[in-house]
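Please have the sequence and the three-dimensional structure open side by side. The paragraphs below go through selected parts in turn.

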Amino acid sequence: MTTDIRNNLSSCATHFYHLGLMMGTAGNLSAKLTPDSFWITASGKNKGNLELDDFLLLDLEGNILENPNPKNRPSAETSIHQTIYRLFPQANACYHVHSVEANLVSRLTKEDSLKLPSIEMLKGLGIWQENPNISLALFENFLSVPKISESIAERFESSLPEVNALLIRDHGVTVWAESTQSALNYIEVIEYLFRYILLTAQNPGLFYDTQ
Ligand SMILES: [Zn+2]
């Protein structure tokens, strides 16, 4: 019996919902079915208990290939997933969640990137360096989602991100990976790093160079 990748996405959504990362209808998850198509969460669904018909199958241009519930529309943020899949063909899953911590850390800088702490947990994002100096790309939020997608494409086409993640200010984080399991891990790791950044910002004495 082949596993329906939608079950995988649904259980991830429930997991994130219980971690407080996908409250109400917030956030969206997608995974490729084939190299040219992906399942994505429907717009406006509570993320605690998604059913198989709460997903739509789209091609990489955003055309609907399959919609088990014709009343459903694709996630309002579908264009970001399309942009990620176009920029990074090796990506097979793209997850986007809205946490309190992601929103707060995005206000720690007015720059277009957020420095990530040089701690062991960075290995969880694939960074294996001594004292890594890694930044997370930070984008402005716009009511028009295609405008956010355009700014992501424009930036990453000229300079590749250092990690498979991006942050939208006052909004949330997006990660992409070769598998749904890796995308889940990336969300957990990046949210851990956000909590770490917030706690260190609240406790500056913890930094060696401020003592
Ligand atoms: Zn969002």
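**Around strand β8**

Leaving aside neighbours within four places in sequence, Leu166 is in contact with Ile84, Leu136, Ala137, Phe139, Ile152, Phe156, Gly172, Val173, Thr174 and Trp176, where contact means heavy atoms within 4.5 Å. The model is a predicted one, in which local features need pLDDT of at least 70 and side-chain atom pairs count only at pLDDT 80 or more, while totals for chains, interfaces and linings use all residues. Residues are numbered from 1 along each chain as its sequence is written, and side-chain values use heavy atoms, with hydrogens and water left out.

Leu166 sits in strand β8; helices (H or I, at least four residues) and strands (E, at least two) are DSSP runs numbered from the N terminus. With a relative accessible area of 0%, Leu166 is buried. The accessibility classes are buried for under 20% relative accessible area, exposed for over 50%, and partly exposed in between, with a 1.4 Å probe and protein chains only. Pro68 is 98 residues from Leu166 along the chain, and the C-alpha atoms of the two are separated by 31 Å.

Asp170 lies in the loop between β8 and β9. Most residues other than glycine have a negative phi. Asp170, which is not a glycine, has a positive phi near 55 degrees. Its relative accessible area is 36%, so Asp170 is partly exposed. Asn131, in the loop between β6 (113-115) and β7, also has a positive phi, about 45 degrees, although it is not a glycine. Asn131 is exposed, at a relative accessible area of 64%.

The zinc site comes next. Which protein donors does the zinc ion have? They are Glu77 (OE), Glu77 (OE), His96 (NE2), His98 (NE2) and His171 (NE2), lying 2.1 to 2.4 Å from the ion. Donors here are N, O and S atoms within 2.8 Å of the metal (3.2 Å for Na, K and Ca); water is not among the atoms, so sites may look incomplete. Along the sequence, the spacing of the donor residues is E-x18-H-x1-H-x72-H. His98 lies in the loop between β5 (93-97) and α3 (100-105), and His171 in the loop between β8 (165-168) and β9 (172-177), so this pair ties together parts that are 73 residues apart in sequence. His98 counts as partly exposed, at 25% relative accessibility, whereas His171 is buried at 9%.

Two helix pairs can be followed next. Two packed helices are described by the angle between their axes and the distance between the axes. Helix α2 (residues 78-87) packs with α4 at an angle of about 20 degrees, and their axes are 8 Å apart. Axes are lines fitted to C-alpha atoms, for helices over the stretch in contact, and angles run from 0 to 180 degrees between N-to-C directions. α2 and α4 are therefore roughly parallel to each other, since angles under 35 degrees count as roughly parallel, over 145 as roughly antiparallel, 65 to 115 as roughly perpendicular and the rest as oblique. Residues of α2 in the contact include Ile80, Ile84 and Leu87, and those of α4 include Ile148, Ile152 and Phe156. By class, the contact of α2 with α4 has nine nonpolar, three polar and two charged residues. Ala, Val, Leu, Ile, Met, Phe, Trp, Tyr, Cys and Pro count as nonpolar, Asp, Glu, Lys and Arg as charged, and the others, Gly among them, as polar.

The other pair is helix α1 (residues 5-18) and helix α5 (residues 180-202), which pack at an angle of about 15 degrees with axes 11 Å apart. That angle makes α1 roughly parallel to α5. Ile5, Asn8, Leu9, Cys12, His15 and Phe16 of α1 make the contact with Thr180, Leu184, Ile187 and Glu188 of α5. These residues divide into six nonpolar, three polar and one charged.

Two loop residues remain. Glu140 lies in the loop between β7 (135-139) and α4 (145-158) and, at 38% relative accessibility, counts as partly exposed. Not counting residues up to four places away in sequence, Glu140 touches Ile148, Ile168 and Arg169. Thr109 is found in the loop between α3 and β6 and is buried, with a relative accessible area of 16%. Apart from neighbours within four places in sequence, Thr109 is in contact with Leu114, Leu138 and Arg169.
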